[in-house]
Amino acid sequence: MEKTGLAYLAGILDGEGCVHIAKERGNNAPRYKLAVQVSMVDKTPPALAYSAFGGYLRLRDRNKKWKPLWEWQIKSGDAIACLKALLPYLRTKKTEAELAIKFWDEKSHTPFQRTSKQLALEETNYILMKTLKNKVRLQ
């Protein structure tokens, strides 16, 4: 994709998107997952992100008072490739993207062989992401 297309998608992610670390219950320890998501009424930007980076695109119905949303989401290593491509153009989500990349680089990708140190590191990055999101809301 050309630089202008990447800059456009970075602007969409900045304004309408989310960089997210989710915490899920595991059998013995929590699992942490990474996702990037854009949700909009207009299909064009999420469809462009889907064609550029993959993931999935779906139409999500909501309350009858609101229009349905087009939702694009990409997870795990594919999300990291997307964030690395968009990083030079991001503004408001740049710190979240950098943390997500750091999280992925430090994450143990063998869930049954994680040490307590690795679990603590993943939990720390999860909390840092939540803190970043709260700071953005307070400003």
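A: The model is a predicted one. In the lining of the largest cavity, ten residues are nonpolar, no residue is polar and none is charged. The ten are Leu9, Ile12, Leu13, Val36, Val38, Ala49, Phe53, Trp72, Cys82 and Leu86.

The cavity itself has a volume of about 50 Å³. When the whole structure is searched for cavities of 30 Å³ or more, one is found.

Four elements each give at least two residues to the lining: helix 1 (3-16), strand 2 (31-40), helix 2 (44-53) and helix 3 (76-86). Helix 1 has the largest share, with three residues.

The axes of helix 1 and helix 3 come within 9 Å and cross at roughly 110°. On the side of helix 1, the contact is made by Leu6, Leu9, Ala10 and Leu13, and on the side of helix 3 by Leu83, Ala85 and Leu86. By class, this contact has seven nonpolar residues, with no polar and no charged ones. Leu9, Leu13 and Leu86 belong to this contact, and Leu9, Leu13 and Leu86 also line the cavity.

Helix 1 also packs against helix 2, at an angle of about 125° and with the axes 11 Å apart. Helix 1 and helix 2 are therefore oblique to each other. The crossing of helix 1 and helix 2 is left-handed. Helix 1 brings Leu6, Tyr8, Leu9 and Ile12 to this contact, while helix 2 brings Pro45, Leu48, Ala49, Ala52 and Phe53. These residues fall into nine nonpolar, no polar and no charged. Leu9, Ile12, Ala49 and Phe53 take part in the contact of helix 1 with helix 2, and the cavity lining includes Leu9, Ile12, Ala49 and Phe53 too. Leu6 and Leu9 are among the residues through which helix 1 touches helix 3, and Leu6 and Leu9 are also among those through which helix 1 touches helix 2.

Helix 3 has a further partner, helix 4 (residues 94-106); the axes of the two come within 10 Å and cross at roughly 140°. That angle makes helix 3 oblique to helix 4. The crossing of helix 3 and helix 4 is left-handed. Ser76, Gly77, Ile80, Leu83 and Lys84 of helix 3 meet Ala97, Ala100, Ile101 and Trp104 of helix 4. By class, the contact of helix 3 with helix 4 has six nonpolar, two polar and one charged residues. Leu83 of helix 3 is part of this contact, and Leu83 is also part of the contact with helix 1.

Conventions:
Residues numbered from 1 in each chain as written. Predicted model: local features only at pLDDT ≥ 70, side-chain atom pairs only at ≥ 80, totals over all residues. Heavy atoms only, no water. 1 Å grid on protein atoms, 1.4 Å probe; cavity = no way out; pocket = protein on both sides within 12 Å on 5 of 7 lines; lining within 4 Å. Points joined across faces, edges and corners; volume = space filled by probe spheres on them. Nonpolar A, V, L, I, M, F, W, Y, C, P; charged D, E, K, R; others polar. Axes fitted to C-alpha atoms, helices over the stretch in contact; angles between N-to-C directions. Contact = heavy atoms within 4.5 Å. Parallel < 35°, antiparallel > 145°, perpendicular 65-115°, else oblique. Left-handed = near helix turned anticlockwise from the far one by under 90°.
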